Amino acid sequence: MSQPLQHLIQNHNIILFDAVCVLCSAWADFMIKHDRRCQFKLVSVQSSLGQQLLKHYHFPTDHFETMLLLEKGQCYTESTAFLRIIQRLDFPYSSLKYARLVPKTLRDFAYRRIALNRYDLFGKTEQCYVVTADIQQHFLQDDVLR
């Protein structure tokens with residue numbers, strides 16, 4: 001792994017999301033609005049950086065079944081990723097952390113049902129999520145490794 005990629009992984013909490021999925025883009029909008037301290041950096045799985053991160057963690061680069069959370073190099077998926085993110089947001093969202101009391105198998109089953117059907121349920125856009133100057137601080141862009 002390249003030194004810049006290793007540094008990036010160790011120094012940021014990164015959320016990889018599917019930028020053509022309407023539900024996933026709504027999740028990115030939610031994070032922008034509610035992660036006021038910029039604890040997390042968003043990265044599109046379709047971006048060059050997103051593709052490098054997927055390869056590094058041995059995930060497919062052509063189809064996406066889960067959001068990924070990278071915390072200090074550790075990779076979390078499915079409901080665990082969601083709950084680790086939500087617990088660090090302000091109240092009332094942080095109270096969703098108690099969903100951890102639900103067995104992981106049940107949480108992940110529900111997560112997968114939504115994730116695998118997200119395009120049918122919520123739709124798909126023709127273009128990737130557009131990062132504008134006013135939300136730039138919430139994202140890691142491809143040029144961060146240069």
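Here are my entries on a cavity, a helix and one aspartate.

**Ground rules.** I noted that this is a predicted model, where local features need pLDDT of at least 70, side-chain atom pairs count only at pLDDT 80 or more, and totals for chains, interfaces and linings use all residues. Residues are numbered from 1 along each chain as its sequence is written, and side-chain values use heavy atoms, with hydrogens and water left out.

**Cavity.** I looked up cavities, meaning sets of points on a 1 Å grid over the protein atoms alone where a 1.4 Å probe fits but cannot get out. The whole structure holds one cavity of 30 Å³ or more. The largest cavity has about 30 Å³ of space, a volume being the space filled by probe spheres set on the points. I then listed its lining (residues with an atom within 4 Å of a point): Ile15, Met31, Ile32, Asp35, Phe40, Leu42 and His138. At least two lining residues come from each of α2 (22–34) and β2 (40–44); helices here are DSSP runs of H or I with at least four residues, and strands are runs of E with at least two.

**Helix α2.** I found that Met31 and Ile32 are among the buried residues of α2, buried meaning under 20% relative accessible area (1.4 Å probe, protein chains only). The buried residues of α2 pack against β1 (13–17), β2, α4 (78–86) and α6 (118–122).

**Aspartate 108.** I placed aspartate 108 in helix α5 (residues 104–116). Is aspartate 108 buried or exposed? Aspartate 108 is buried, at a relative accessible area of 3%. Beyond its neighbours within four places in sequence, aspartate 108 is in contact (heavy atoms within 4.5 Å) with Glu78, Ser79 and Thr80.

Methods. 1 Å grid on protein atoms, 1.4 Å probe; cavity = no way out; pocket = protein on both sides within 12 Å on 5 of 7 lines; lining within 4 Å. Buried < 20%, exposed > 50% of the residue type's maximum accessible area, 1.4 Å probe, protein only.
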